[in-house]
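Hi there,

Here is the structure I promised to pass along. Have a look at it first, and my notes on salt bridges and one surface patch follow below.

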Amino acid sequence: AGRGGANKIMNLFKHKHKQKQKNQDENQEQNNDSTNDSTTSDIKDNSDHDNDVSQEINNKQQEQQEEDARLARVLQEEEDQQMQQQQLQHNARRSWVSSYPGQRRHGQGLMQGFHPTASTTSNVPRCATCYGMVWGLMPLVVALGNVYHPECFKCIGCHDTIQDGESFASMLDTNGKRYPLHRQCYAELYGIKCTVCQKTIDQGAPYLRHPFFDSEYLCSKHSSRNSCRTCTGCYRFEPLAKPFANLDDDDANRCICDSCLRTVIVDNDDAKPLWEKIINFFQQHLKLPIWDGMRDIPVLVVGYNALNQQQQQMHNNAHGGSSQIMTRGLCLSEHMRGGGGLGVGVGLLDWGNDISNYVSSTSSPSSNPNMTVTAILCLTGLPADLTCSILAHEATHAWMKLHPNFNVNKPIPSQVEEGCCQLTAMLFLTDSGDGDGLEECTSTSSSTQGPSDKKLRQYFKFSIETDSNEIYGEGYRKAAKIYAEIGIEALLSHVVNYQAFPNI
């Protein structure tokens with residue numbers, strides 16, 4: 001029983017003992033008043049009377065013990081019920097605390113009116129910051145599934161107290177414990193920042209993100225057209241605090257990031273070994289015949305204005321709708337009939353022939369006597385991997401024009417021809433090579449300030465695969481599907497002979 005119940009029982013026992021002693025004294029006085037001249041029978045009667053009195057006293061003592069036991073059980077039950085009620089109230093309050101994670105709530109202590117003992121302090125809630133107990137009428141903060149003293153509910157970033165009613169964020173450590181943060185502190189530590197101005201983008205504010213490089217963002221101020229410059233190779237955004245290198249070519253205002261600058265191609269001499277690698281790739285990896293004069297086609301690295309001026313002079317030009325190759329390279333050719341004009345083999349879309357019409361290229365390396373590829377133009381200031389993909393694209397134009405069966409009077413539809421050219425560019429970027437691929441073509445170094453050469457190459461492939469342009473993007477996807485079924489030589493030969501993709 002509890003201490004209060006034990007005291008009640010002891011007082012009851014003392015009272016009963018005094019009553020018993022009083023009864024015995026009264027009986028003794030009655031016995032002393034008896035006459036001394038009693039007979040033997042009187043003595044016997046007195047003895048029987050004493051036995052009756054003793055039996056009565058024993059019976060009363062037994063009844064009293066039973067009553068005392070009953071009272072003790074009643075007191076014990078009352079004490080147990082009181083402790084059980086206090087525990088239920090405590091558990092209910094703790095359940096209320098855990099049901100509101102992520103919100104700050106003020107209130108009184110969870111154990112109001114409770115007086116702690118050594119056996120009950122383990123059940124008292126503790127502050128999640130200082131681990132001190134929260135007693136009685138003490139104010140508290142309920143947040144993140146924990147209880148805090150108001151002065152202990154502090155931002156883990158700036159260590160200032162988060163005030164009552166103030167909204168807040170939280171962060172999770174490696175052990176799974178959450179800590180509160182001011183919203184501004186959270187934004188500074190974990191929020192996204194504009195790549196250009198390095199200012200934190202407010203939650204819910206509009207922004208733009210680079211389609212490939214996940215850490216590249218633009219705030220609303222710098223997301224409009226011409227509000228910032230991008231790298232001419234990878235299209236990453238130029239930071240104001242660390243400008244990219246200027247290319248100073250004409251009036252294009254182009255720039256190049258440090259990563260693309262590692263392997264930048266700036267003149268014809270830089271491009272010569274790249275063209276040789278493209279020819280070897282066609283011959284050794286794609287198993288395509290190299291037509292007469294194809295290896296000796298001049299490759300000219302030119303500025304932005306020169307390339308666009310040449311592009312505008314060409315008739316039926318499809319170079320103008322894609323985001324990747326179209327404004328960065330051109331294949332210039334002339335044919336004997338029709339006045340020797342410069343142009344590329346593009347024309348109206350025309351679908352057509354059955355798969356049974358597949359043909360293989362002639363084994364003769366002789367080129368078409370009526371066609372001449374005069375030059376291949378490539379934009380200056382691009383990284384080597386991107387330049388290689390452009391040269392592979394333009395080399396495919398040249399290969400089809402120099403094919404012996406090429407008919408200048410039956411131009412290949414733009415989507416078909418450009419799709420095949422994008423396919424060979426992708427094949428070159430994908431090829432790991434064993435002497436003719438990109439590993440020898442570009443630097444494999446990486447930079448802590450930007451993407452590695454491997455990452456850049458992945459972006460160039462991504463640009464081809466995700467191009468939404470009807471001619472370049474959709475054309476590539478159709479060509480790639482057919483290539484997976486019949487191979488590159490059968491595909492290109494069919495296109496030259498029938499001016500259409502084969503039906504698969």
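Predicted model: local features only at pLDDT ≥ 70, side-chain atom pairs only at ≥ 80, totals over all residues.

The model has 10 salt bridges, where a salt bridge is a side-chain nitrogen of Lys or Arg within 4 Å of a carboxyl oxygen of Asp or Glu. Residues are numbered from 1 along each chain as its sequence is written, and side-chain values use heavy atoms, with hydrogens and water left out.

One of the salt bridges joins Arg236 and Glu216, at 3.5 Å from N to O. Arg236 sits in the loop between strand E7 (217–219) and strand E8 (245–246), and Glu216 in the loop between strand E6 (207–209) and E7, so this pair ties together parts 20 residues apart in sequence. Helices (H or I, at least four residues) and strands (E, at least two) are DSSP runs, numbered from the N terminus. Arg236 counts as buried because its relative accessibility is 9%, and Glu216 is buried too, at 7%. Here buried means under 20% relative accessible area, exposed over 50%, and partly exposed in between (1.4 Å probe, protein chains only).

Another salt bridge is formed by Arg457 and Asp385, at 3.0 Å from N to O. Arg457 belongs to helix H10 (residues 453–465) and Asp385 to helix H7 (residues 384–402), so the contact ties together parts that are 72 residues apart in sequence. With 12% relative accessibility, Arg457 is buried, and Asp385 is buried at 4%.

Then there is the salt bridge between Arg295 and Glu276, at 2.6 Å from N to O. Arg295 lies in the loop between helix H5 (268–285) and strand E11 (299–302), while Glu276 is in helix H5, 19 residues apart. Arg295 is partly exposed at 31% relative accessibility, and Glu276 is partly exposed at 32%.

Finally, the surface: Tyr186, Leu189 and Tyr190 make a nonpolar patch of about 310 Å². Patches are made of residues with over 30% relative accessible area and no salt bridge, with like charges joined within 9 Å and nonpolar side chains (Val, Leu, Ile, Met, Phe, Trp, Tyr) within 5 Å. Accessible areas come from the Shrake-Rupley method with a 1.4 Å probe, and for residues only the protein chains shown count as cover. Tyr190 lies in helix H3 (residues 183–190) and is partly exposed, at 44% relative accessibility.

Best wishes
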